[in-house]
Amino acid sequence: MADISRRSLIAGTAGGALIGRGAQADGPIRDRDGADILGPRNQAREAQDPFTIRPPRTDHGTMPNLKWSFADSHMRLEEGGWARQTTIRELPISKAMAGVNMRLKAGAAREMHWHKEAEWSYMLKGRARITAVDEAGRTFADDVAEGDLWYFPSGIPHAIQGLESEIDGCEFLLVFDDGAFSEDSTFLITDWLAHTPKDVLAKNFGVPESALDHLPKAELYIFPAPLPGPLSEDRMGGAGPVPQSFSHRMLQQEPIQTRGGTVRITDSSVFPASKTIAAALVELQPGALRELHWHPNGDEWQYYLTGQGRMTVFGSEAKARTFDYQAGDVGYVPFAMGHYIENTGPGPLRFLELFRSPTYADLSLNQWMKLTPHALVRAHLKVDEQLLANLPEGRAPVLPA
């Protein structure tokens with residue numbers, strides 16, 4: 001039997017399982033290699049990861065797991081919403097960044113809080129109001145919708161509240177610049193006050209202790225609250241607005257357009273407040289390829305928004321491993337490892353690339369070969385000059401099918 005084609009996936013069960021067309025569906029068998037599984041197995045899970053159960057011949061050696069699905073994360077349910085996270089505890093290789101997926105119904109608030117880590121966010125659906133105050137008493141308030149970003153530097157107190165929308169509130173992805181981050185370690189205003197003596201609070205606020213009788217006795221975290229009024233009413237003044245907006249309209253950026261798809265890059269050069277996280281939003285058409293490349297400025301944390309994709313990561317020392325991804329999955333590429341992402345589904349593949357860095361940077365295999373003396377490249381790879389002559393000299397991050 002021939003090796004599985006890289007574009008050989010078709011939709012399987014109603015639950016979205018994937019099965020390799022032309023591949024034996026009964027186990028890890030490739031041509032004459034392998035054998036069927038006789039013991040217990042999870043066939044639905046195997047169908048979602050066909051290149052794990054039957055890796056291509058080019059995979060070799062031992063690589064860490066570079067995939068986690070938010071579907072496997074613990075769901076914290078609260079009145080008005082939920083949260084789930086992917087951190088170093090769920091994906092041990094993810095030392096540089098961690099992610100949280102959160103849902104707020106209209107009016108529900110992610111209570112006033114701050115973190116040791118900086119917080120970057122991508123709005124997945126709906127609308128939310130975000131507010132913050134910086135160390136100089138300058139204020140920030142904005143309404144964000146699908147495709148918008150926000151960034152709150154470490155230590156900056158802020159809050160998020162769901163607004164009325166077509167989905168009753170909002171859902172968003174949060175990314176933090178430390179893989180050991182935990183939502184449970186957030187500094188919450190209610191938690192702080194519940195653990196401060198009441199007489200001290202009364203002295204701090206200049207009120208009698210009786211004025212504090214109804215303070216919550218424990219954290220609220222996510223809770224129902226009245227819908228906010230017009231945005232203008234929540235722009236509080238103080239010492240004026242923050243000098244750099246904490247929000248950004250990513251989808252309004254002009255993308256890098258290719259025949260295979262688009263790329264939007266958002267780093268501190270276009271979103272100045274985002275000093276520790278850079279991002280790219282990539283869309284691949286069916287069969288298109290995010291070219292072979294690597295990043296010289298840090299690990300890559302990925303979040304898959306729509307579609308189905310496949311990535312092979314090269315880790316030097318003859319090590320390589322292939323993973324399949326679908327919407328809701330997290331991917332990870334350790335620092336400087338070569339990789340590609342291919343759209344293996346029938347529709348567009350959209351995903352985020354994120355880096356703990358103020359700037360976005362990548363290096364293209366095609367461009368490296370194109371701009372290196374061709375005689376030297378031919379001596380290495382035994383290829384014709386025509387191949388090298390046809391490589392793009394400029395930026396071509398997405399290649400067509």
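The dialogue below explains how to read several features of this predicted model.

Q: What share of the residues is buried, and what share of the contacts joins residues at least 24 apart?
A: Buried means under 20% relative accessible area, exposed means over 50%, and partly exposed lies in between (1.4 Å probe, protein chains only). Of the 401 residues in the chain, 50% are buried. Contact means heavy atoms within 4.5 Å. Taking contacts between residues at least 6 apart in sequence, 75% join residues at least 24 apart.

Q: What is the volume of the largest pocket, and which residues lie nearest its centre?
A: A 1 Å grid is laid over the protein atoms alone; a pocket is an open set of points with protein on both sides within 12 Å along at least five of seven lines, where a 1.4 Å probe fits, and lining residues have an atom within 4 Å of a point. Grid points are joined across faces, edges and corners, and a volume is the space filled by probe spheres set on the points. Here the largest pocket holds about 630 Å³ of space. Its lining has 33 residues, and Met112, His113, His158, Ala159 and Ile189 lie nearest the centre.

Q: Which elements give two or more residues to that lining, and how do the lining residues divide by type?
A: The elements are strands E9 (109–114), E10 (119–133), E11 (139–145) and E13 (158–162), with helices H3 (189–194) and H4 (198–205). Strand E9 gives the most, 6 residues. For the types, Ala, Val, Leu, Ile, Met, Phe, Trp, Tyr, Cys and Pro count as nonpolar, Asp, Glu, Lys and Arg as charged, and the others, Gly among them, as polar. The lining comprises 21 nonpolar, 8 polar and 4 charged residues.

Q: How many aromatic pairs does the structure hold?
A: Rings of Phe, Tyr and Trp (its six-membered ring) pair if their centres lie within 6.5 Å; planes under 30 degrees apart count as stacked, over 60 as edge-to-face and the rest as tilted. The structure holds 14 aromatic pairs. One of them, tryptophan 114 with phenylalanine 187, is stacked, at 5.0 Å centre to centre and 5° between the planes. Tryptophan 114 belongs to strand E9 and phenylalanine 187 to strand E15 (residues 187–188), so this pair ties together parts 73 residues apart in sequence. Tryptophan 114 is partly exposed at 26% relative accessible area, and phenylalanine 187 is partly exposed at 32%.

Q: What geometry does the pair of phenylalanine 140 and phenylalanine 152 have?
A: This pair is edge-to-face, with 6.4 Å centre to centre and 75° between the planes. Phenylalanine 140 is in strand E11 and phenylalanine 152 in strand E12 (residues 148–152), 12 residues apart. Phenylalanine 140 is buried at 9% relative accessible area, as is phenylalanine 152 at 0%.

Q: Which ring lies under the charged end of arginine 76?
A: A charge sits over a ring if NZ of Lys or CZ of Arg is within 6 Å of the ring centre and within 35 degrees of the ring normal. The charged end of arginine 76 sits over the ring of tyrosine 221, 3.6 Å from its centre. Lysine 67 lies over the face of tyrosine 325, at 5.9 Å from the ring centre.

Key:
Residues numbered from 1 in each chain as written. Predicted model: local features only at pLDDT ≥ 70, side-chain atom pairs only at ≥ 80, totals over all residues. Heavy atoms only, no water. Helix = DSSP H or I, 4+ residues; strand = E, 2+ residues; numbered from the N terminus.
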